[in-house]
Amino acid sequence: MATEAGSAPRPQAARTGRPVPELDPALVERWRSDGAGLVDLLALVRERLGGVGAFRLGPGPTVLVTDPRAVQHVLALHPDRYVKRSHRARLLIGDGVLAATGAAWKSQRRLLQSQFTGTGMRRYEQRITGAARVAAGRWAAYARTGRTFDVGLEMRRFALDTIWRSLTGHPLDEGTERELHAVAAVVAALPTLPADAADAREAVADDLARIDAVVHLAIEAARGGAAGPDGPGLLHLLLDAAAERPEYTDRLIRDELVTLLVAGHETTATTLTWLFLLLDRHPGARDDALAAGAPGSAERRRAVQALVHETLRLYPSAWILPRYAVEDDVLAGHAVEAGSDVVVCPYLTHRDAGLWPDPERFDPGRFTAPDGRPAHPGAYLPFGIGPRACLGLRFALRESTVLLEHLLPAHAPVFHSVPSGAAYSITVRPDGPTPATLAP
């Protein structure tokens with residue numbers, strides 16, 4: 001079995017394969033001089049070299065993987081050969097399940113897994129619905145008054161309320177919401193932080209201190225028996241684990257709680273913001289979803305879910321998935337050496353015209369029509385696939401659907417301005433504010 005991330009590579013007996021084609025260094029230098037983003041370089045590699053290609057930014061090559069079969073090979077079939085070494089948000093989430101590796105990751109994931117199965121999800125239905133009703137009440141007030149509001153901030157507010165209720169059993173209060181703005185501030189700052197870990201931490205020290213203070217209060221309240229009106233939440237599960245498992249120190253509980261906060265609201269808020277921007281450009285898609293069936297019907301729910309899935313195709317929650325080859329392998333006929341960096345890019349796989357006809361077009365019908373989407377599991381992976389796929393997939397889809405079922409029938413935001421593009425960080429975010437009003 002392969003060594004886990006962070007260990008020295010352990011080359012295996014040579015596996016036969018042809019070299020991975022590599023992008024011309026002159027094109028890489030042209031990309032550097034243009035000042036373009038990483039996604040532009042990855043798109044160039046995909047365009048020139050196909051579904052498995054390499055580029056070189058340092059002494060060694062990085063292998064880009066977008067072909068569905070190669071994606072499945074790396075993430076689902078051989079995750080022991082291609083492992084995570086670290087997480088870009090480790091500064092914020094510490095040793096939480098997203099960043100953990102090896103035996104620690106397996107243990108942490110096993111504890112949380114049951115909370116996000118079909119059966120486990122039932123305990124969160126009331127909390128999701130409660131947060132959606134609060135959000136719908138705010139939107140009704142915006143419609144009555146004609147007040148301008150920011151759609152992105154509203155989606156963040158809803159998603160944060162939902163995950164806070166699920167973690168603690170309490171609705172999100174204004175003071176906690178205000179302090180937890182620091183989470184978004186750290187996430188937004190991550191791409192520009194210094195490379196040195198100590199310098200990076202110092203740059204966001206005030207925001208990290210605010211987050212830690214909120215989390216500490218929540219832990220102490222839960223430890224004191226404050227389960228909340230909706231009953232105990234995920235935080236109580238972590239505290240129960242600490243009674244039996246010494247590894248669940250207050251620090252690890254903090255890291256897991258912050259991980260769930262980040263993963264549980266950042267991606268959902270971003271997806272919903274993109275969805276409303278897409279509906280602004282394609283209002284017929286909203287009409288079609290509402291016409292698919294009566295309120296509460298299975299037909300309407302499927303149509304609303306299709307809106308979410310198509311948004312996730314264009315703007316996947318996990319747009320880039322870095323891995324590290326710990327042993328020699330043959331990937332789609334190409335030899336990948338131990339020690340190679342490997343990058344899976346769902347964003348580009350989802351925009352492959354060979355898989356998704358007219359890939360830039362917003363078409364929710366891809367997810368309702370028979371044979372509307374590729375059958376291969378590696379062709380659609382907004383939350384990843386394999387053992388390290390996002391734990392909260394069901395949760396995110398459920399909360400997005402419930403909110404849309406509350407908002408879409410009554411409201412269609414009129415945007416005063418729209419972002420000019422996307423910002424590529426942990427998620428793919430709109431690169432500007434989203435001010436809008438609602439018709440009365």
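This is a predicted model: local features need pLDDT of at least 70, side-chain atom pairs count only at pLDDT 80 or more; totals for chains, interfaces and linings use all residues.
1. The pairing of strand 5 with strand 13 (residues 435-437) is antiparallel and runs over two bridges. Aspartate 150 has proline 435, in strand 13, as its bridge partner.

2. A separate point concerns glutamate 360, which lies in the loop between helix 17 (346-349) and helix 18 (393-407). Is this residue buried or exposed? Glutamate 360 has a relative accessible area of 53% and is therefore exposed, the cut-off for that class being over 50%.

3. Beyond residues up to four places away in sequence, glutamate 360 touches Leu314 and Arg351. With arginine 351 there is a polar contact between the side chains, at 2.5 Å. As for valine 342, 18 residues from glutamate 360 along the chain, the C-alpha atoms of the two residues are 26 Å apart.

4. On confidence, the protein chain has a mean pLDDT of 92, and 96% of its residues reach 70 or more. Residues 1-8 should be read separately: pLDDT stays under 50 over this stretch, for which the model has 19 contacts beyond four places in sequence.

Technical notes. Residues are numbered from 1 along each chain as its sequence is written. Side-chain values use heavy atoms; hydrogens and water are left out. pLDDT is the predictor's confidence in each residue, from 0 to 100. Contact means heavy atoms within 4.5 Å. Helices (H or I, at least four residues) and strands (E, at least two) are DSSP runs, numbered from the N terminus. Buried means under 20% relative accessible area, exposed over 50%, partly exposed in between (1.4 Å probe, protein chains only). A polar contact is a pair of N or O atoms within 3.5 Å; within protein, one must be able to donate a hydrogen and the other to accept it, and residues adjacent in sequence count only if both atoms are side-chain atoms. Two strands pair if DSSP finds at least two bridges between them.
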